Amino acid sequence: MSQPAGKLDPHEFKLDVSEAQHRIWQDCTPITDYQMISVREALHRILAEAIISPIDVPAYTNSAVDGYAILSTDIPEQGRQKLQVIGTAFAGEPFTGELQPGQAVRIMTGAVIPEGANCVVMQEQVQLHQSHVEISGQHRGGENIRRAGEDLAAGAIALAEGKRLIPADLGLLASLGVNEIRVRRRLRVAFFSTGNELRSLGEPLAKGQIYDSNRYTLLGMLKALDLELIDLGVVKDDPQSLRQALFAAADEADAIITSGGVSVGEADYIREIMQSLGKMHFWQIAMKPGRPLAYGRIADTPLFGLPGNPVAVMITFYQFVQPALLKLSGVSNVHAPQCFRVRSASSFRKRPGRTEFQRAILETDVHGELQVRSFGKQGSGILRSMSEANCLVVLPKDREDVAVGDWVDVQVFEGLMH
């Protein structure tokens with residue numbers, strides 16, 4: 001049970017990364033509102049219903065190559081066989097006759113297989129003469145033929161509900177003749193930064209003040225997810241301003257993201273407001289950077305209280321917030337960021353007790369094998385490291401120092417940054 005505001009035990013709620021991810025995902029319920037849009041507008045949108053194929057794909061049996069359509073009974077057991085060329089089949093212009101034994105039809109990729117033919121010999125594998133071709137006995141019936149419905153049969157599911165559409169999906173929809181689809185509306189996400197020292201771009205800086213980089217980092221990460229964004233700017237570090245901002249955000253948005261104000265400092269109010277006005281599920285995670293991450297609800301709207309340090313904002317966003325937003329948006333089969341293993345080309349210092357995410361460079365060695373090396377400085381305020389590195393080395397909670405040549409888990413930025 002949560003303690004009263006202002007009396008939180010600093011060690012309470014300190015969860016493993018995987019447990020925190022699980023709790024967030026279990027608490028997130030996808031939106032159900034939908035809209036009809038054209039396929040031209042559908043990139044990155046999330047299907048609100050499955051797409052059932054109205055036709056076979058391909059719609060007719062056709063040639064997979066440029067070559068010659070023949071009867072498999074004309075394939076010789078040995079030596080070569082001469083076949084008379086009686087016509088040509090183009091894509092969109094079928095050959096209208098019926099193939100007889102001893103005959104061949106010149107055929108282009110995608111053209112309808114002529115009646116009677118059941119094999120296509122690639123043009124590179126024939127000897128061409130003025131009015132006939134010669135084939136060898138190395139071919140088989142059904143060769144180089146794409147059957148009607150081979151890729152997708154009429155009535156089959158072409159795209160599942162909850163699919164986040166990629167460019168290939170738009171092409172698939174067009175190939176089915178589908179012009180409009182039902183998608184989930186865009187998730188509305190409100191976000192703001194907290195801190196009396198923060199200034200927005202265009203404002204002059206006084207001594208002790210800094211520009212608000214976190215809000216622009218969040219803006220970029222959120223835009224990549226194709227969401228409807230509500231930028232509430234910089235909110236002062238006082239309870240009344242924060243309460244007003246959080247209530248306004250909860251009234252407009254499906255999810256709220258803040259940066260700063262969730263640690264144990266005297267001016268860190270976000271977690272206390274969460275406790276008094278809503279519900280706080282946890283506020284500390286056994287990870288570095290990013291330990292002070294609060295998750296809960298304000299007026300039943302999910303709230304992600306991210307740390308104030310720039311690198312911690314990005315890492316906690318990718319590990320916790322991004323998957324949760326995708327689930328809230330209606331994406332099916334949401335999972336944690338994926339890792340793969342490579343050998344380390346440098347050492348990493350690590351003490352057991354919490355999961356660490358260290359910035360690194362994934363590259364190939366002189367033998368063409370993948371390896372990873374440390375970016376160097378790992379301070380949570382060094383935002384440049386997230387710009388110049390290309391991956392995170394993920395060191396589990398119980399792991400100690402990493403030596404050169406050890407295997408480590410890597411998350412590549414290209415996969416994290418949608």
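Biologist: Which residues form one aromatic cluster?

Modeller: F282, Y295 and F304 form that aromatic cluster. This is a predicted model, in which local features need pLDDT of at least 70, side-chain atom pairs count only at pLDDT 80 or more, and totals for chains, interfaces and linings use all residues. Residues are numbered from 1 along each chain as its sequence is written, and side-chain values use heavy atoms, with hydrogens and water left out.

Biologist: How many aromatic pairs does the structure hold, and why is the pair of Y295 and F304 called tilted?

Modeller: The structure holds three aromatic pairs. Rings of Phe, Tyr and Trp (its six-membered ring) pair if their centres lie within 6.5 Å; planes under 30 degrees apart count as stacked, over 60 as edge-to-face and the rest as tilted. The ring centres of Y295 and F304 are 5.1 Å apart and their planes stand at 45 degrees, so this pair is tilted.

Biologist: What makes the pair of F317 and Y318 edge-to-face?

Modeller: For F317 and Y318 the centres lie 5.6 Å apart and the planes are at 85 degrees, so the pair is edge-to-face. Both F317 and Y318 are buried, as are both Y295 and F304.

Biologist: Why is T301 called buried?

Modeller: Buried means under 20% relative accessible area, exposed over 50%, and partly exposed in between (1.4 Å probe, protein chains only). T301 has a relative accessible area of 6%, so T301 is buried. T301 is found in strand β23; strands (E, at least two residues) and helices (H or I, at least four) are DSSP runs, numbered from the N terminus.

Biologist: Which residues is T301 in contact with, leaving aside its neighbours within four places in sequence?

Modeller: Contact means heavy atoms within 4.5 Å. On that basis T301 is in contact with A250, A253, D254, A255, I256 and G296.

Biologist: Which residues of helix α5 are buried, and what covers them?

Modeller: In α5 (residues 270-277), the buried residues are I270, R271, I273, M274 and Q275. Their cover includes α4 (239-252) and β23 (301-306).

Biologist: How many helices and strands does the protein have, and why is it called more spread out than a compact globule?

Modeller: The protein has eight helices and 28 strands. Its radius of gyration is 30 Å, well over the 22 Å that the globule rule gives for 418 residues, so the protein is more spread out than a compact globule. The radius is taken over C-alpha atoms, and the rule is 2.2 Å times the number of residues to the power 0.38.
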